[in-house]
Structures are given as C-alpha cells and as structure tokens.
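User: I am new to this structure. Could you walk me through it in short questions and answers?

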Amino acid sequence: MKKIGLVGGISWVSTIDYYKLINEGVNKKLGGLQFAECLIYSLNFGDVQEKTWAHSYELLLNACSSLKKSGVDAIVLCANTAHMYASEIEKEIALPLIHIGTETARVITKEKLTTIGLLGTSFSMEMNFYKDRLKSFGLNVLIPEKQETRDYIQFVLKEELGRGIINPDSKQNYINIANELISRGAEGVILGCTEIPLLLDQSDFSVPVFDTTKIHSEAIVDFILS
C-alpha cells in the first residue's frame, strides 16, 4: 500500500470528506480493518486568505515539502484552486501529484460529454489553469457569464461553505446558476470546488453532476492500491 500526503485545511470542512472517502474506498476494496496510510498537513486557511491564493505558493510548497520528508509516495492538494500551482509543485518536489482536474476530465470524457459547466472559486472559473486542463481533454467549458454571479459564488464558498455553514437560499441560487449553464448547452456540471458538494449533489439536477472531491478521492484510492 502506498502512502499519501494530503495538503488540507483549504478548507478543513472538505478535508474531512477526503479523509472519510479515501479510508472508506480502501476498506471497500481490501475489507477487514484495512484503511489508508496517509499524512495530512492541514494549513491554516486564514493564512491562505491573508496572503490570497495568488501569493500562497510558498505555503503550499512548504506543506508538500514537509510531507515529502515524512516519506509519502504522492501528494494531493485537497482543493481545486490550489491546483493553480500543481505543475510547479510537482516539478519542485519530484513526487507524483494526483491532479484533480485531470481525474475529473477523465471521468467526464468516459461519459462521452463534450460541453461542461464549471462552478468553482473565481480563480478556478476565471483563470486558465483549470479550464486548460479540461480543454486538453477536448472539453468545451462554460462558466457563468456575469462577473456578479461569479463573485456571488466566491462569496458563498468563502463566507459560508468554508465555515461549514449550509444556507438553503444559497443552495437554490447555486442550482439556478447551474441551470443557466445547462440552458446554454452544458451537458453536465462540474462541482469544481471541494466545498460545493456540501451544498449540491446529483439529486438536484437532471444532467450528470461531477463531484470533484469524490472523483479525486477515488483516484487517490486507486493510486494507494496500485
């Protein structure tokens, strides 16, 4: 069994889901009392917010370096937005990095979809690091057109879901935003922030929904047992 290093705390709420899903996944395949051997470096999300994501490379790199020194076989960044630095970190630490965008794209293409809606942080929606990873698999990516809509998604992620607050009104607003993407041609919707599955799931939609936390965790389990 391979040992995994998880960079969590971004936020701690979704890191709990990673830990649960990975251990459940390993146990489902091995049975008995077999569970994942992993280390979690839980960052203080307040430090990330203070520096902003745009200046958090050193925080993430230091966490990954600490995990490498502990003898892990691969690194996982437990947040979609953190993958803006995935290529640089993987090159610097010289360990495999299980990429959430790559794993999500693989699952979507298996479903034979070509146009996908993306909900995530403003960074993931507006910058190219995430969309380009999806596009490299031949996917056409749609995001909310209005800046105010993207800002609202970011506000809920930071001020509500990142603190573990579930607001029914926010849930309905997110559903409305996703349905707008579907009306523009999205054949499915990526829940492209690891906190969004706290609010939305497949039962809220008639098109396929792609839970990146779950997809990422399943890929991690496969790596652990490979």
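**Strands, spaces and confidence**

Analyst: S1, H1 and S2 make a right-handed β-α-β unit. Right-handed means that, with the strands pointing away from the viewer, the path from the first strand over the helix to the second runs clockwise. Helices (H or I, at least four residues) and strands (E, at least two) are DSSP runs, numbered from the N terminus. This is a predicted model, where local features need pLDDT of at least 70, side-chain atom pairs count only at pLDDT 80 or more, and totals for chains, interfaces and linings use all residues. Residues are numbered from 1 along each chain as its sequence is written, and side-chain values use heavy atoms, with hydrogens and water left out.

User: Which element of the chain has the lowest mean pLDDT?

Analyst: pLDDT is the predictor's confidence in each residue, from 0 to 100. The chain has a mean of 95, and 100% of its residues reach 70 or more. Among the elements, S3 has the highest mean, 98. The lowest mean, 90, belongs to H2.

User: Is S1 largely enclosed or open, and how many of its residues are buried?

Analyst: Buried means under 20% relative accessible area, exposed over 50%, and partly exposed in between (1.4 Å probe, protein chains only). On one side of S1, Ile 4, Leu 6 and Gly 8 are buried, and on the other Gly 5 and Val 7 are buried. S1 (residues 4-8) is therefore largely enclosed by the rest of the structure, with a buried count of 5 of the 5 residues.

User: Which strand is joined to S1 by 5 bridges?

Analyst: Two strands pair if DSSP finds at least two bridges between them. Ile 4 stands opposite Cys 38, and Gly 5 has Leu 39 as its bridge partner. The two strands run parallel, and the partner, at residues 38-42, is S2.

User: What is the bridge partner of Ile 4 in S3?

Analyst: S3 covers residues 74-77 and pairs with S1 in the parallel sense. The pairing runs over 4 bridges. In S3, the partner of Ile 4 is Ala 74.

User: Which element gives the largest share of the lining of the largest pocket?

Analyst: On a 1 Å grid over the protein atoms alone, a pocket is an open set of points with protein on both sides within 12 Å along at least five of seven lines; a cavity is a set where a 1.4 Å probe fits but cannot get out, and lining residues have an atom within 4 Å of a point. The largest pocket holds about 330 Å³ of space, and of its 16 lining residues Lys 214, Ser 217, Glu 218, Ala 219 and Val 221 are the closest to its centre. Helices H1 (12-30), H5 (100-110) and H10 (212-224) each give two or more residues to this lining. The largest share, 7 residues, comes from H10.

User: How many residues of that lining are charged?

Analyst: Ala, Val, Leu, Ile, Met, Phe, Trp, Tyr, Cys and Pro count as nonpolar, Asp, Glu, Lys and Arg as charged, and the others, Gly among them, as polar. The lining of the largest pocket has 5 nonpolar and 2 polar residues. The charged residues number 9.

User: What is the volume of the second largest pocket?

Analyst: Grid points are joined across faces, edges and corners, and a volume is the space filled by probe spheres set on the points. Residues lining the second largest pocket include Val 107, Asp 201, Phe 210 and Lys 214. Strand S7 (209-211) and H10 each give two or more residues to its lining. The volume is about 200 Å³.

User: Which helix gives the most to the lining of the largest cavity?

Analyst: The structure holds 1 cavity of 30 Å³ or more, and the largest cavity has a volume of about 140 Å³. Among its 14 lining residues, Phe 45, Trp 53, Thr 121, Cys 193 and Glu 195 lie nearest its centre. H2 (45-51) and H8 (147-159) each supply at least two residues. The most, 3 residues, comes from H8.

User: What separates the C-alpha atoms of Arg 106 and Leu 134?

Analyst: Arg 106 sits in helix H5. Arg 106 is partly exposed, at 42% relative accessible area. Arg 106 and Leu 134 are 28 residues apart along the chain, and their C-alpha atoms are separated by 8.9 Å.
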